[in-house]
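Reader: I am new to this structure. Can you walk me through how to read its helix contacts and its sheets?

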Amino acid sequence: MVWAPEAADTPLRVLRRLETGPRGLVTADAEARLLDHGENVVPSRLPPTLPRRLLRSVRDPFTLVLLGLGLVSALIASWATAGVIVLLVAVSCLLRSNGEHRADRSTAALRRLVATTTTVRRRATKDAEPEEREIPADQLVPGDVIKLGPGDMVPADARLLRANGLTVHQAQLTGESAPVAKRALDLPDGDEHLLWQGSSVASGSALAVVTATGAATRFAGAYAGPPPGARSGSRLSRRRGARRTSAFDRSVYGLSWVLVRGMLVIPPVALVANAVLRGKGLEALPFAVAVAVGLTPEMLPVVVTTVLARGSALLARRGVIVKRLSALPDMGAIDVLCMDKTGTLTRDRPVLSGSVGPGGRPDPEPLRWAAVNGLVTLHLADPPAPDPLDEAILAGAPELGEVEGLDAVPFDPLTRVSRALVRDGEDVVVVVKGAVEAVLERCAIGERERRRANATAAALARSGARVLAVARGAASVPGLDAVARGAASVPGLDAGVRGGASQVGLDAVARGAASPPAGLDEAGERGLTLVGFVTLADEPSPDAAAALAVLARRGVKVKILTGDHPGTAARICRELGLEAGEVADAAGLTAAAAERATVIARCTPEQKARVVRALRAAGHTVGFLGDGVNDLPAMRAADVGICPRAAVDVTREAADVVLAGKDLSAIGQAVVVGRRSSGNIVTYLRIALSSNLGNVIAMLVAGLALPFLPMLPVQVLAQNLCFDAAQLALAFERPGPAVLRRPFRLRRQAVLRFITGFGLVNAGVDLVTFAVLTRFHGTHDESAFHTGWLVENVLTQAAIMLLLRPVARVSRPLGLATGALAAAGLLLPISPLAPALGLVALPVTSLLWLLLVLVLYAGVLVALTTRTRRKP
């Protein structure tokens, strides 16, 4: 069976070729086709195998430098040093690969919980009436009839059967930056009648038949190269969901390259110093390499992956799904959270509160015409889900009279109106409903009447009402009767296909459904008469006030970006205890005003995005909570995009964090877990690098003062391996309350200052150890000196792990790890490995002096950290 339609095929030919009809497939046929064609999944790259993960791990900058140092060691026949370096690299890569595999598997399972669904028509039997149901998009098959509305992802390649005001974002396939209009043409000349997987509905609604799924789609073919006719720059390498590097990633990468440069500088400096001061040349190279390796935090990628995976799993148990792991520390860094008020601060279902004429007096006519607009839109545009505003209006509307719907264009977030063409008795009328400013632009009223109408709408909004304007006007359209007959006969399409409808009949239906009357052309909607205003009340969410208070205590400032009137938004804020202050208007808003304002009203989707970008440019880390297609630009502009699970497909696809429901308290939980994750990573960096830097400085100084190397290369690397293994326990820490009180960012300069200060303290203690060992063993007993310094270094590393943390409480994993590290330092000199490492048993007196130095060091750390423990 040939599933893909020819570009110029009529709807009837496509339906016949696919052996289907507008009523949809029989469920049994759909299941059989699913077995034949497989799931509707793009055959993207398979999950990487273990060898590929290991190869990807080797690309880490630390690993590459380590391999370079190992190669140098092998070239000078320092096989022990080269062997230990290879062991360090292997352990790091294996742990990282395993952690990434587990994290990817968990993330994939979580993503399936928020997988895209599609409204599809199917029948239980051949003669049964069709039922509309939501099914996972991967269960679609060729021949399925699907319904699409604003915000829906196009789940497969499809041919339009009906379209009402349909515009589609398809930039990733064809390069257009603006939404593209689509029409259900019967005899098409281009591709206006085709929809492609990977695009998304910007506005309008559609009924379409699936023509290709899975590997047969144009989206899947684009993986092998640009699609036919695509513009330059539209290659799918810039895939859906690809985001810029996060602030957290940039901080980690920046710090990594600072350390890499230090690792590359140390060996030449050590060699030159030994050559000049001690007369040693290449014989000191293995030691210089070992010292450079000692500075390396090999476990950084492993610890980061482990921390983020644990945080993501913890949130998943609370109903919060993190789709991008690096978004977790960004959540912890959020200091500004932007959101719309509808569905977040208020309930999803508004309640009708009144209907007034242009002068503000009660009048049922605006409500009647608003209900006519809503009813015609609901039946003719046939959106996948009714508009909550229309539902509220219809629930309280009076009798509508004899009104016949002819055509409708649903609400468009760009034009901010919905439009309907109706026959009222002998008259054909255009009814427009929407935002006050957008409707008044279409009305033929004088300046005085316009000012009065604006004043009326403003007074209603200041009282806290949500205001919709309603206007109507006569439509004089040539051939309107024929169009109306075509539009009205759409339901007959099902019967026609069942009975073998003629091509001529189906063509007429398609023309009527696809070609809106001229009266619904936006350019021709001028000269309307303002009927009046309909008001609705938004009820505050019962949990919103408490959640806002928690966010405020966490140092997160909430900003409301709404398309409503300033008075409406301000009332909701007052009821929830959120200090609104001066409400700003999005028109002409400056960056300084955006930072000061709590409520920014009359925002278009692009204005929301501009506010978010302005806040980020001012140095804030911004999260955006939204659920509609109009929130998409702002969500993409934010550091972290957040949405509820019930959000439209395209918004859920773009989000980094998905909430189980519209519950602001879940955001507070995600912020806390994000700060804990960031705190653990920073704690690891501080401990690992402070210890490593101190040891490196001390060994370089001692290497110049002693006639022999202060520690053999294999001893340096063995010590580093033990320390690295113990530090994995830091991924399971619970940072103190100071970390959770305010937004937490990984600041590179602050980390460098910390490790420099404590690294110098650690180097001082190491030099005191050097003096003690020289006092007891002189400069003639190299093995005893090496052993004493290794034991002292391992014990001080265990002390640092306990004392350089921002909290005094010691977790069970950390207690076990530090105990094992200290035991390793004490037992290695008397273990079977001692001869291979060049270690000997120390006298009891030496051990007691070393323990005394350790106690003094711990006292110094306690004194220093007491003042800084409250700081993140």
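Author: Start with a definition. A crossing of two helices is right-handed if the near helix is turned clockwise from the far one by less than a right angle, and left-handed if anticlockwise. Keep in mind that this is a predicted model.

Reader: What is the hand of the crossing of H10 and H25?

Author: The crossing of H10 and H25 is right-handed. Helix H10 covers residues 300-316 and helix H25 covers residues 664-705. They pack at an angle of about 160°, and their axes are 10 Å apart.

Reader: How are H10 and H25 directed relative to each other?

Author: Angles over 145 degrees count as roughly antiparallel. H10 and H25 are therefore roughly antiparallel to each other.

Reader: Which residues make the contact of H10 and H25?

Author: From H10, they include Leu 300, Val 303, Val 304 and Val 307. From H25, they include Gln 669, Ala 670, Val 673 and Tyr 684. By class, this contact has 12 nonpolar residues, four polar and no charged.

Reader: At what angle do H29 and H30 pack?

Author: Helix H29 (residues 782-803) packs with helix H30 (residues 812-827) at about 170°. Their axes lie 8 Å apart. That angle makes H29 roughly antiparallel to H30. Among the contact residues are Val 791, Val 794 and Met 801 of H29, with Leu 814, Thr 818 and Leu 821 of H30. The contact of H29 with H30 counts 10 nonpolar, three polar and no charged residues.

Reader: Now the sheets. How do strands pair?

Author: Strands of a sheet pair through backbone hydrogen bonds, either parallel or antiparallel.

Reader: How many bridges pair E11 with E16?

Author: Five bridges, in the antiparallel sense. Strand E16 spans residues 529-537. Gly 354 has Thr 535 in E16 as its bridge partner.

Reader: Is strand E14 mostly covered or mostly uncovered?

Author: Mostly covered. Seven of the eight residues of E14 (residues 427-434) are buried. Strand E13 (residues 417-424) pairs with E14 over eight bridges, in the antiparallel sense. Arg 419 has Val 432 in E14 as its bridge partner.

Reader: What lies between E13 and E14 in their hairpin?

Author: Two residues. In this hairpin, Gly 425 takes a positive phi near 70°.

Reader: How many bridges join E14 to E15?

Author: Six, and the two strands run antiparallel. Lys 433 stands opposite Val 470 in E15.

Reader: What is the pairing in the sheet of eight strands?

Author: Mixed. This open sheet has the order E9-E22-E21-E20-E10-E17-E19-E18. Its edge strands are E9 (320-322) and E18 (584-585), each pairing on one side only.

Reader: In what sense do E20 and E21 pair?

Author: Strand E20 (residues 622-625) and strand E21 (residues 640-644) pair in the parallel sense, over three bridges. Gly 623 has Val 640 in E21 as its bridge partner.

Notes: Residues are numbered from 1 along each chain as its sequence is written. This is a predicted model: local features need pLDDT of at least 70, side-chain atom pairs count only at pLDDT 80 or more; totals for chains, interfaces and linings use all residues. Side-chain values use heavy atoms; hydrogens and water are left out. Axes are lines fitted to C-alpha atoms, for helices over the stretch in contact, and angles run from 0 to 180 degrees between N-to-C directions. Helices (H or I, at least four residues) and strands (E, at least two) are DSSP runs, numbered from the N terminus. Angles under 35 degrees count as roughly parallel, over 145 as roughly antiparallel, 65 to 115 as roughly perpendicular and the rest as oblique. Contact means heavy atoms within 4.5 Å. Ala, Val, Leu, Ile, Met, Phe, Trp, Tyr, Cys and Pro count as nonpolar, Asp, Glu, Lys and Arg as charged, and the others, Gly among them, as polar. Two strands pair if DSSP finds at least two bridges between them. Buried means under 20% relative accessible area, exposed over 50%, partly exposed in between (1.4 Å probe, protein chains only).
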